[in-house]
Structure formats: C-alpha cells, structure tokens
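Hi everyone, thanks for coming.

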Amino acid sequence: METKLSWISRYLTAWILIAMAGGIILGIAFPGLPAFLDSVQIENVSLPIAIGLIWMMYPPLAGVKYEELSKMKSQGKALSASIIQNWFIGPVLMFALAWIFLPDLPHYRIGLILIGLARCIAMVLVWNKLAGGDNDLCAVLVAMNSLFQVALYSVLAYVFITVISTWIGGVGAGAIVNISIWQVAYAVFIYLGIPFIAGIITRFALLQKKGKEWYDNVFMEKLGPTALIGLLFTIIVMFSLKGKNIVELPMDVFRIAIPLLVYFILMFFVSFFMSHKLGFSYPQSTTLAFTAASNNFELAIAVAVAVFGLGSGEAFAAVVGPLIEVPVMLGLVHVAGRIGSKWFNRNGIPIK
C-alpha cells in the first residue's frame, strides 16, 4: 500500500515560510508582543514558548516504539553501522561544514552544530516509509536514538561547541561559544527529558489499556500532527522578535542553507554507499541512510531557545533546519528508488 504524507506534512516547508512571514508581520504590527510573551517566564523562557517547545517534542516521543528495543540483538550489525553514522560521522560532518561555511558567524555556526547533534526520531519514519525502507529496523533505530540523545546530547554539545571550537578558533571563539554543560543538560532535561518520560508513560499505559492497533493507527494518527502545530507556533513567536531584521533575512537564510544542503546530501549518499558495501539489503540501506541524513530539528530549536534565547542567531539557524531538510528529504525519497534499481537486484540484495 502506498504511503502518503498528511496534508500538514506534505506542505511543511510552505507552512514554515508562512509562519516566518506571519511572525515578522506580527512583530512589526504589534511592537509590544515580544514583551507580552516574555512577561510570563519559566527559567528565562516565556511560558507560551516553553509549552510549545515541550509539546512539539511530546508526540514524536510518544510515537517511538520502545518495545521494539527487544529486537536490538538481532540487528547488531545494522545498529553498529547506525551508531557510527549517527553519532560520529553526522556530528563531525556538520561541525566541519559549520566552520567551513560560517567562520565569521559564530551564532549561526553554533545553531548548525546543535542540529548536527540532534539525531532524527520523528520525520525519518515518514521518509523511510515513502522510500520503502525497513519499518521494523527504523523503529529500533528511532528508539535507540531517543535513548542516546537523552544520555549524550548535552555532553556532545559541550565538547563540540565549547572545547573543540576553542581549539580551532582560539580563545576568542571559546569566549563566544562558551556554554556550560549544565545549561545544555538542563535544557535537554526540560525539552527532551520531560516529553521523553511522558511519551514512555503514555505509550505503555495506553498500549496496555487499548492495544497496539488502536494506539498506532488511531491515537497517534490524531496526536502526531499536533507536534508540527507546536513547531509552527514556536516559529511565529520567534520571528515576531525579528520583524526589524527582515532586510537581512534572505542572505542569512541563504548562508545557513548552503552547509545544511551539503550536509543532508552528503550524509545520505555516504550512509547509503556505506550500507551497500556492508551488504545490507535495499530496505535496510534506505533506513540507515535516512536515519543518518535526517535530524531532530525540534530538539535543536528547543535547546537553542533555552540556552541562547528566542531572538538569538542560534535559534534562527535551528529554525532554518526544517525549512531545508523537508524538501531535500522528499527529493531523496525519489533518489533512493533510483539508486535501488541500480545497486540492488529485484529481491533487494546488493549487486556486487
């Protein structure tokens, strides 16, 4: 059966652009709006934004099939490849591209690094289904990445942003990007830990009460799209703070978009080629490639906003992430099919 995107997912890039424009218009039309939103705060983040950030993380985490982790033993080779692709190649590649393309824009550079560290746990399920990937393997990898992000995100952010950036850019770069590991850890706990725990509780409680069929096909069908609504709400408020910077916006987006575009394409082809050479089938290779090339932009936005502020360049760069990722991933769905017809036989076995 052909898998189709929901209407809100299909036009996500358009919705993000509309949300950006709407936020800018609101910021210009109502200059007092940012002050109003900041009037009720929780740990230096406005309460409406905090709710939006947590909510956009909750649905995808409630949809993770944690029970599929029991299959990890039978997927050892694929898990090992995925760990290398997601937690070594991906972060290092994004870090390198951020420094190559944005050496003079540290705030945007940090935003890109945050995106590179946030491994995909939501939209990859969509890309994987559309491209004919291995759904069971994808569920296991998503569950694994969820656990890894809770454990590793704050540590890796500190290492890449504070420690290694200082080695490359000197003391000046260190002063610009110096963040406490506890700042990131706290943000990760609030915006990933809380929805992560809520997602686990929701899934296992409702699975026991209503069953897997109802949970996946009824409950998640209704809950899942609300994450994108939370994302768009957050974008509107963020860009309401940037109404005065509209003239600078196009060039900023362009400069951020270039390394993102290079990253998504390189990660996809490197991971696909690596998986093919390791002898994985087409469905497995497709799943590994999309898992490695996609990113959890919700987490990157949440951490950027919590640590650097709503109006920061880091948060702005994080928002540009899905604007570029969504159309690129849709294009790569078709590319995967073309690669599959040349690199694999009719049974999905690699052609040597």
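First, some ground rules. This is a predicted model, where local features need pLDDT of at least 70 and side-chain atom pairs count only at pLDDT 80 or more, while totals for chains, interfaces and linings use all residues. Residues are numbered from 1 along each chain as its sequence is written, and side-chain values use heavy atoms, with hydrogens and water left out.

Okay, the overall picture. The chain comes to 15 helices and 2 strands; helices here are DSSP runs of H or I with at least four residues, strands are runs of E with at least two, and both are numbered from the N terminus. Of the 352 residues, 54% count as buried. Buried means under 20% relative accessible area, exposed means over 50%, and partly exposed is in between, using a 1.4 Å probe and protein chains only. The chain exposes about 15,200 Å², and carbon and sulfur atoms supply 69% of that. Those areas come from the Shrake-Rupley method with a 1.4 Å probe, and for residues only the protein chains shown count as cover.

What about contacts along the chain? Contact means heavy atoms within 4.5 Å. Among contacts between residues at least 6 apart in sequence, 84% join residues at least 24 apart.

Now the core. A nonpolar core is a set of buried Ala, Val, Leu, Ile, Met, Phe, Trp, Tyr and Cys residues joined through side-chain atoms within 4.5 Å. The largest one has 97 residues, and Leu114, Tyr153, Leu260, Phe268, Phe290 and Ile301 touch the most other members. Helix α15, residues 313–343, gives the most to this core, with 15 residues. There's also a second, separate core of 10 residues, including Ala81, Leu137, Val140 and Met274.

Let's zoom in on two of those core members. Leaving aside neighbours within four places in sequence, Tyr153 is in contact with Leu114, Leu117, Ala118, Phe148, Val184, Val188, Leu299, Ala300 and Val303. Phe268 is found in helix α12, residues 249–277, and counts as buried because its relative accessibility is 0%. The C-alpha atoms of Phe268 and Phe290 are separated by 6.4 Å, with the two residues 22 apart along the chain.

On to the helices. Which residues of α6 are buried? The list is Pro106, Tyr108, Arg109, Ile110, Gly111, Leu112, Ile113, Leu114, Ile115, Gly116 and Leu117, so 11 of the 12 residues are buried and the helix is mostly covered. Helix α6 runs over residues 106–117, and its end C-alpha atoms are 17 Å apart, which agrees with the 16 Å it should span at 1.5 Å a residue. That expected span is 1.5 Å times one less than the number of residues.

Helix α11, residues 226–240, has 15 residues and reaches 21 Å from its first C-alpha to its last, close to the 21 Å expected. It is mostly covered too, with 11 of its 15 residues buried. α11 and α14 pack at an angle of about 35 degrees, with axes 12 Å apart. Axes are lines fitted to C-alpha atoms, for helices over the stretch in contact, and angles run from 0 to 180 degrees between N-to-C directions. Leu231, Thr234 and Met238 of α11 make the contact with Phe297, Ile301 and Val305 of α14.

Is Asn296 buried or exposed? Asn296 counts as buried, because its relative accessibility is 2%. Not counting residues up to four places away, Asn296 touches Met57, Ala118, Arg119, Cys120, Ile121 and Gln149.

Two last stops. Leu26 lies in helix α2, residues 12–29, and is partly exposed, at 30% relative accessibility. Leu26 and Ser240 are 214 residues apart in sequence and 5.6 Å apart in space, C-alpha to C-alpha. Ala62, in helix α4 (residues 47–62), is buried with a relative accessible area of 0%. Beyond four places in sequence, Ala62 touches Gly199, Arg203, Tyr215, Met220 and Leu223.
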